Amino acid sequence: MTTQHHQNSPHPTKPPTIQALSMGAGVQSSALLLMSAQGLLPKLDYAAFADTGWERPETYAALDRLENEVAKPAGIEIVRLSAGDIRRDALDPNSRFSTMPMFIKNRDGSKGMLRRQCTSTYKIKILLAEARRRLGAEVFDDGRIGRVKRSQHLNMWVGISSDEFHRAKDSGVKYAVNTFPLLELGLTRADTQAYLDSHGFAAVSKSACVGCPYTSNAGWRNLRDNHPEQWNQAVEFDHAIREGSARANANGRPLLGQAFLHPSLQPLDSASIDAPPKRRHLRLVGADEADNWEDGDPDGCSPWACRSGRPETPPGSSEVAA
Ligand code: SF4
């Protein structure tokens, strides 16, 4: 089969020559990598994993395994990209920090949520910068990557299954045309999981930061019970960001309220993660997410398809990486 562009995408003037995969190491992107390696889909030129520096251990393990057992034998390059370490950046007064969607207890006692900037900074922007680099854009001495010629573009594969077609979105730029091979194949999430199961990849995890506020209670329990080191990191982080990021405080702009990782507005180590959170704690994330909160988003933090919370503003037409 060939990959086709999303119906709302700009119509390219000539066929794309680069096939790229937005790789989160979750079920859907892992299946796309495997399908390409097996010749069921066109050969990928590369698969890009945007590393926030604070991913769960099982995500790094899944990525290593996919690289060694699937990508390398098929001659597909896995490139690991980084815009920094999201945890360190939040705690370092000298680092720029893009806010995570933390739950806020305002001074009047009302509840709020910080705007999610992290997916754009730590994932989308660097995936697009890599796309421009692959398309021949100039790389400046300071590492920034310039514009691509108007006619150039590549196909960016995004893992969306047919039961979730409404999550398919454009990339927001003309030079990266989001494509959805699982949609074109009509494969559901269950089909995709069954395909992975049949090839020995039953336990593929999802990509998400250790301390992501969108973590479900089940996710927090998994961290507490199976990954004590990362659980302790999250607990320490939760306490450390109570008054906002270190840089904001150093600049005399403390948070007007208190920040929490858990929607109950309780410190993570005393929040009731063994019981379903009350719906009134979840009203900021929407009804669908509230229903899912016990198990959480099955796909974690997908750059263009995250179901968690309000969508981020796409990076638009800016073509120079921050
Ligand atoms: S997993 Fe959560 S904290 Fe990490 S980049 Fe995605 S939305 Fe932000």
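Author: Gladly, and please keep in mind that this is a predicted model. Let us begin with the open sheet, which has 3 strands in the order E5-E4-E8, paired in the antiparallel sense.

Reader: What makes E5 and E8 the edges of this sheet?

Author: Each of them has a single partner strand, so one side of each is left without a neighbour in the sheet. From one strand to the next, the twist averages 30°.

Reader: How do you know that E4 and E5 pair?

Author: Pairing calls for at least two bridges between the strands. Strand E4 (residues 103-106) and strand E5 (residues 111-113) have 3 bridges, in the antiparallel sense, so they count as paired. Ile 104 in this pairing stands opposite Gly 112 in E5. The two strands form a hairpin with 4 residues between them, and Gly 109 in the turn has a positive phi of about 90°.

Reader: And what makes E4 and E8 a pair?

Author: The same test applies: at least two bridges are needed, and E4 and strand E8 (residues 257-260) pair over 4 bridges, again in the antiparallel sense. In E8, Phe 260 is the bridge partner of Phe 103, while Gln 258 is the bridge partner of Lys 105.

Reader: Turning to charges, why is the contact between Arg 134 and Glu 130 called a salt bridge?

Author: The label requires a side-chain nitrogen of Lys or Arg within 4 Å of a carboxyl oxygen of Asp or Glu. For Arg 134 and Glu 130 the N to O distance is 2.7 Å, so the pair qualifies. Both residues lie in helix H4 (residues 118-134), 4 residues apart, about one turn of the helix. They also belong to a network of salt bridges that links Glu 77, Glu 130, Arg 133 and Arg 134.

Reader: Why is Glu 130 called buried, and why is Arg 134 called partly exposed?

Author: Buried means under 20% relative accessible area, and exposed means over 50%. Glu 130 has 6% relative accessibility, so it counts as buried. Arg 134 has 24%, so it counts as partly exposed.

Reader: Which class do Asp 142 and Arg 144 fall into?

Author: Asp 142 has 54% relative accessibility, so it counts as exposed, whereas Arg 144, at 35%, counts as partly exposed. These two form a salt bridge as well, with their closest N and O atoms 2.9 Å apart. Another salt bridge joins Glu 164 and Arg 167, whose closest N and O atoms are 2.4 Å apart; both of these residues are buried. The structure holds 13 salt bridges.

Reader: What makes a group of residues a nonpolar core?

Author: The members must be buried residues of the listed nonpolar kinds, joined through side-chain atoms within 4.5 Å. The largest such core has 30 residues, and those with the most contacts inside it are Ile 86, Met 102, Trp 220 and Phe 237. Elements giving two or more residues to this core include helix H3 (86-91), H4 and helix H7 (217-226). H8 gives the most, with 4 residues. Apart from this core lies another, of 27 residues, among them Ile 18, Val 79, Met 156 and Val 158.

Reader: Which residues is Met 102 in contact with, leaving aside its neighbours within four places in sequence?

Author: Among them are Phe 97, Gly 112, Pro 213, Phe 237, Ala 259 and Phe 260.

Conventions. Residues are numbered from 1 along each chain as its sequence is written. This is a predicted model: local features need pLDDT of at least 70, side-chain atom pairs count only at pLDDT 80 or more; totals for chains, interfaces and linings use all residues. Side-chain values use heavy atoms; hydrogens and water are left out. Buried means under 20% relative accessible area, exposed over 50%, partly exposed in between (1.4 Å probe, protein chains only). Contact means heavy atoms within 4.5 Å. Axes are lines fitted to C-alpha atoms, for helices over the stretch in contact, and angles run from 0 to 180 degrees between N-to-C directions.
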